[in-house]
Structures are given as C-alpha cells and as structure tokens.
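Hi everyone, thanks for coming. Today I'd like to walk you through the packing in one structure, so let's bring it up.

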Amino acid sequence: MLWFKDGDRNIAFFHVEVKRRNNSSGIHRLRIDNEIMEDPKIIEDHILDFNKNLYAESISNVLDNDNMEDFIGTYISVMVSSEENMMLIKCPDFSEIKNVAFNLNGNSAPDLDGFGGVFYHSCREIIGTDVCNVVPQFFKQNWVLSIMNSNVVSLIPKVQGVDSIKDYTSTVVANFKFKIISKILADRLALVVARIISPNQYGFVQGRQIQDCIGIVSEAINMLSKKVRGGNVAYKVDIHKAFDTLSWKFLLLVLKHFGFHPSVVGWISTILRSTMLSIRISGSLVGFFPAVEV
C-alpha cells in the first residue's frame, strides 16, 4: 500500500525501497568448487570466466573436420529460391524501417545510453531520418559500428536461494537501433524459414509454442506401458544451455547448404562477429568481450 501511494514520488521512501531492491538482487555469495565465496572480486571473476567460456566460441576451432561440410550437404538440399533470395537481400527502405521500429516494444529495457524504444517512437520527427540512414548502411556495406552491437547480460535466478552460477538464467539488453537491423532480417527470414523448418520442431513453428512439447511428451510417456511391436523406449536428453552453446560455424554452413544468398550468410556472420558482451553483476558492468572469437 505504501508503494502504491508513494512509489512514484521522489521522497525518502522511494530511495530506501530502490536501494533495498538493488541490494537484494545482487550476487553477494556464490558456490565455487564446492566452497561458498563472498569476496566480490572472486565472484566477479568466476561469473566472467563462466560466461566467456559459454558465449565466446572460437569460430576457427569448431568443426575442424574437413568432411563436415560434405556431411551437411548429404542431408540438406537447396530449398531457397532465387525469388526468395532477392527479397532477402533487398535494401530496406524508410517505410520498412519505420514499420519495424514501431513494431518493437517501446517499453522494453533501455539501451546502454539510457534511450529506449519509447524515445525513438516519440521523437521520430527529429531523429527518424538519421535512424533510417544508419540501418541501410549495414545492408549495403555489411559493416556495423561495434558500439551498436554492444550488449549487457543480466543474470536472473531460476529459483529462490540459488548459490551456483549454473542456476542463473540470462537476459540480454541490446541497442534499439541494432534491434531494428536484426528484426528486419528476422521478419524476412520468417517468410522463408516457415517452409524449411520441420513441423515437428514446435518451438520454431509460427503459431505454436515450445510449451506444446510438454503436452506431447506427457501423452507419449502415458503410452509407454502400451504393448507394441518392437517395444517402447524413451530418452531424456538434458543439454545444458543448448541455445547459448550453439556452434555458429555449423549454423552458417547449414544456411549455405539451404541455398541462402551469400549476402544473407555474410550479414549473419557480421552480426555474430561484432557482438560484444558485458555482464551486469550487483548493478555494475563487468568485462567486455566478443561473443564469437575470430
């Protein structure tokens, strides 16, 4: 009731409550090698090393097997038409950029400079032309300012009372201008990928959610006791942070064999190589490292 009454007023109650929330949301103790550590420097170094090893994949040291590309080509054929590639590589005009910018959530977390989507929406008449000039530069030159693709990784505990870095999930705060570039690519790719993705991949099919898989698995388990020819078997596979540990080189090879235009593959490669990350720990930014090591 006090927060409802005085939460938006610049008084002592507001500042005390904000300070309390910041203190409670910080990481003040962590289990490292079966030992609880409370030294802030040790905790920061441990979290930074963990995330560097998680994200910063060396793109030159993955899939060194020369036969890997032939292996991928055996199972993946060209499925992207020349008409679709022409649509994908078209330089976005001001109308497309404006529509994408306004479709992005204006109330999402602000950028590193403090300006969020609502700023770009409300000040379109002032900065709209400059924003629309920046975005096509990426599609024409396949180049992006490093600071545009600098991101902050915030750690969120999965459960109460976590004491291990593995029990934190991460969310990334990205630059709004760069979100426009990635959203343009994503919207265009969605028109093509919907035809390429297998209908069994529920998490990536438009109109479905990955939670639907839970219901399917539950039904399948209930039928395990039913006798069928050859018997039944179920595998439980738990891949730790599967999406964070994806091999980007493998992804680029798959896109190539699907028949995506070299410009599209090059844009995605540039995005990956230009991504810089910092970790927010107890309100402070720690580290500044690339997501992909060239």
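The largest nonpolar core has 42 residues, and those touching the most other members are F138, F139, I180 and F260. By nonpolar core I mean a set of buried Ala, Val, Leu, Ile, Met, Phe, Trp, Tyr and Cys residues joined through side-chain atoms within 4.5 Å, with buried meaning under 20% relative accessible area (1.4 Å probe, protein chains only). At least two residues of this core come from each of helix 4 (68-75), helix 6 (94-103), helix 8 (124-141), helix 9 (176-196), helix 11 (248-258) and helix 12 (262-274). Helix 9 gives the largest share, nine residues. Helices here are DSSP runs of H or I, at least four residues, numbered from the N terminus.

A word on the source: this is a predicted model, where local features need pLDDT of at least 70, side-chain atom pairs count only at pLDDT 80 or more, and totals for chains, interfaces and linings use all residues. Residues are numbered from 1 along each chain as its sequence is written, and side-chain values use heavy atoms, leaving out hydrogens and water.

Now, what is F138 in contact with, leaving aside neighbours within four places in sequence? The partners are W143, V144, I181, L185, W267, T270 and I271, taking contact as heavy atoms within 4.5 Å. Another core, of 19 residues, lies apart from the largest one, and V153, L155, V162 and F289 are among its members.

Finally, please look at helix 5 (residues 82-89) and helix 9, whose axes come within 9 Å and cross at roughly 155°. Axes are lines fitted to C-alpha atoms over the stretch in contact, with angles from 0 to 180 degrees between N-to-C directions. Helix 5 and helix 9 are therefore roughly antiparallel, the term for angles over 145 degrees. Their contact involves E84, M87, L88 and I89 of helix 5, with R188, L189, L191, V192 and R195 of helix 9.

Technical notes:
Buried < 20%, exposed > 50% of the residue type's maximum accessible area, 1.4 Å probe, protein only. Parallel < 35°, antiparallel > 145°, perpendicular 65-115°, else oblique.
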